[in-house]
Amino acid sequence: MKYKFSYWYFFVHYIKEYLKEEFGKERAKDIIVSSKKEYRKLLNRAEDIGGRNPMAKNMYFAMVFLAFHVAYPETFDQRGLEALLAALYRKKGFTKWIRLLNVNNPRHFKMLKKKLLKAANWIDVREAQYPTSWKFRFPDVHRDGFYYEFTKCPIAEFFKKNGYDELTPLFCQIDYKNIELARGKLYREKTLATGDDVCDFWLVPDKVKNPR
């Protein structure tokens, strides 16, 4: 994947205070510098899924945080990464971008659905060029909300291929948090990370009771 400093800067901007509080200013600086080097290396090892891929930010997100584990595997083991991700989501400056979406608003929900369909189309059109990208599927199985599946996920595949698959569920859990911040609920039964054939996403506004 193409190296992009912007993603690194964006996410680290929100966790650097946590790192300073937890490890001290000088130690935090060393952690950031070393992890940034690993971030670049990880991207060099990852398959190209297209820099303009609407889903690419998800891969960059995963690589930023995986870089801390690679640089300091004992400090940022599963529990350490959980703490790092929790620190990110405690920052209102970060979560405000997600909270801008309110899926209880029909216009917002329609916009989210359109965005996902557009992403799927972008990927489908360029499947021959970027064969390792996500693969969407949209079965019509629910009356309420919006349902879709991934039959392929480059994050899960990269983590498995490189021996980090025990960490993949941490990033799957982020889906729940993002939907919750957007005033919705995510119902899920399967993930590729746990060996299932799909990752399923049933997104429902949180004001809908007993969704069908």
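I start with a group of rings. Phe10, Phe11, Tyr14, Phe61, Phe65, Tyr89, Phe94, Phe158, Phe159, Tyr164 and Phe171 form one aromatic cluster. Please keep in mind that this is a predicted model. Searching the whole structure gives 32 aromatic pairs, and I will go through two of them.

A pair of aromatic rings is described by the distance of the centres and the angle of the planes. For phenylalanine 10 and phenylalanine 94, the ring centres are 6.0 Å apart and the planes are at 55°, so this pair is tilted. Phenylalanine 10 belongs to helix H1, residues 5-23, and phenylalanine 94 to helix H5, residues 92-99. The two are 84 residues apart, so the pair links distant parts of the chain. Phenylalanine 94, at 6%, counts as buried.

The second pair is phenylalanine 11 with phenylalanine 61. Here the centres are 5.0 Å apart and the planes are at 80°, so the pair is edge-to-face. Phenylalanine 11 is in helix H1 and phenylalanine 61 in helix H3, so the pair ties together parts 50 residues apart in sequence. Both phenylalanine 11 and phenylalanine 61 are buried.

Now the core. The largest nonpolar core has 71 residues. Which residues have the most contacts inside it? They are Phe65, Phe68, Trp134 and Phe136. Helix H3, residues 56-71, gives the largest share of this core, with 11 residues. As for phenylalanine 136, leaving out residues up to four places away in sequence, it touches Met55, Leu116, Ala119, Ala120, Ile123, Tyr148, Glu149 and Phe150.

Next, helix H8, which covers residues 168-181. Its buried residues are Thr168, Leu170, Phe171, Cys172, Ile174, Ile179 and Leu181; Phe171 is also one of the aromatic cluster I began with. What do the buried residues of H8 pack against? On the helix side, they pack against H3, helix H4 (78-89), H5 and helix H7 (154-161). On the strand side, they pack against strand E3 (184-187) and strand E4 (199-205). Just after H8, arginine 183 has a positive phi of about 65°.

Two other arginines are placed over rings. The charged end of arginine 40 is over the ring of tyrosine 3, 3.8 Å from its centre. Arginine 188 lies over the face of phenylalanine 201, and there the distance to the ring centre is 4.4 Å.

To finish, the chain as a whole. It has 8 helices and 4 strands, and along the sequence the pattern reads α-α-α-α-α-α-β-β-α-α-β-β. The radius of gyration is 18 Å, close to the 17 Å that the globule rule gives for 212 residues, so the chain is as compact as a globular protein of that length. Along the principal axes, the C-alpha atoms fill a box of roughly 55 × 40 × 30 Å.

Of the 212 residues, 45% are buried. Taking contacts between residues at least 6 apart in sequence, 65% join residues at least 24 apart. The chain exposes about 12,000 Å², and carbon and sulfur atoms supply 50% of that.

Terms used:
Residues are numbered from 1 along each chain as its sequence is written. This is a predicted model: local features need pLDDT of at least 70, side-chain atom pairs count only at pLDDT 80 or more; totals for chains, interfaces and linings use all residues. Side-chain values use heavy atoms; hydrogens and water are left out. A nonpolar core is a set of buried Ala, Val, Leu, Ile, Met, Phe, Trp, Tyr and Cys residues joined through side-chain atoms within 4.5 Å. Buried means under 20% relative accessible area, exposed over 50%, partly exposed in between (1.4 Å probe, protein chains only). Contact means heavy atoms within 4.5 Å. Rings of Phe, Tyr and Trp (its six-membered ring) pair if their centres lie within 6.5 Å; planes under 30 degrees apart count as stacked, over 60 as edge-to-face and the rest as tilted. A charge sits over a ring if NZ of Lys or CZ of Arg is within 6 Å of the ring centre and within 35 degrees of the ring normal. The radius of gyration is taken over C-alpha atoms; the globule rule is 2.2 Å times the number of residues to the power 0.38. Accessible areas come from the Shrake-Rupley method with a 1.4 Å probe; for residues, only the protein chains shown count as cover.
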